[in-house]
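Please load the model in your viewer and keep the selection tool at hand. The stops below are given in the order in which to select them.

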Amino acid sequence: MMNFLVKTIANAGALAVAVWLLDKITLTGDSTGKEIGTLLIVALLFGLVNFLVKPVVKLLSLPLLILTLGLFTLVVNALMLLLTSWLADNLDLSFHVEGFWTAVVGGLIISVVSWALHVVLPDGD
């Protein structure tokens, strides 16, 4: 349970940095509390998408991953971020990613920040 909590907090922090750095990734709310709540729900949704959908997409795109020496992972991460944005829109959450290239840069930012936070935050194992 602690590991799940740490991963969710790391995802929320990484998403917050991407929202802060990129104008085309938006998170709106009436108050700071609502924005934090929305960010945590989106982080849970992002973690769920990465847990359920990403392995299937990586398996199906394995030839492209091998051909590009892993660089296609950036595209897979962008697609997962766009899927999270689409699901958030359908769930009436105020999180939106505008465009594929914004998702590529956002996915890169989220990957780097998430990795750094996983190094810093304690692991529950």
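This is a predicted model: local features need pLDDT of at least 70, side-chain atom pairs count only at pLDDT 80 or more; totals for chains, interfaces and linings use all residues.

**Stop 1: the largest pocket.** Select Lys7, Asn11, Gly47, Leu48 and Phe51, which of the 13 lining residues are the closest to the centre of the largest pocket. The space in this pocket comes to about 310 Å³. Now colour helix H1 (2-21), helix H2 (32-52) and helix H6 (100-120), each of which gives at least two residues to the lining. Which helix supplies the largest share of the lining? It is H2, with six residues. By residue type, the lining holds seven polar residues, five nonpolar ones and one charged one.

Stop 2: Val53 sits in the loop between H2 and helix H3 (54-60). Its relative accessibility is 30%, so Val53 counts as partly exposed.

**Stop 3: the salt bridge.** Select Asp30 and Lys34 and show their side chains, which meet in a salt bridge with an N to O distance of 3.6 Å. Side chains of opposite charge can pair when their charged atoms come close. Are the two partners buried or exposed? Asp30 is exposed, at 71% relative accessible area, while Lys34 is partly exposed, at 48%.

How values were computed:
Residues are numbered from 1 along each chain as its sequence is written. Side-chain values use heavy atoms; hydrogens and water are left out. On a 1 Å grid over the protein atoms alone, a cavity is a set of points where a 1.4 Å probe fits but cannot get out, and a pocket is an open set with protein on both sides within 12 Å along at least five of seven lines; lining residues have an atom within 4 Å of a point. Grid points are joined across faces, edges and corners, and a volume is the space filled by probe spheres set on the points. Helices (H or I, at least four residues) and strands (E, at least two) are DSSP runs, numbered from the N terminus. Ala, Val, Leu, Ile, Met, Phe, Trp, Tyr, Cys and Pro count as nonpolar, Asp, Glu, Lys and Arg as charged, and the others, Gly among them, as polar. A salt bridge is a side-chain nitrogen of Lys or Arg within 4 Å of a carboxyl oxygen of Asp or Glu. Buried means under 20% relative accessible area, exposed over 50%, partly exposed in between (1.4 Å probe, protein chains only).
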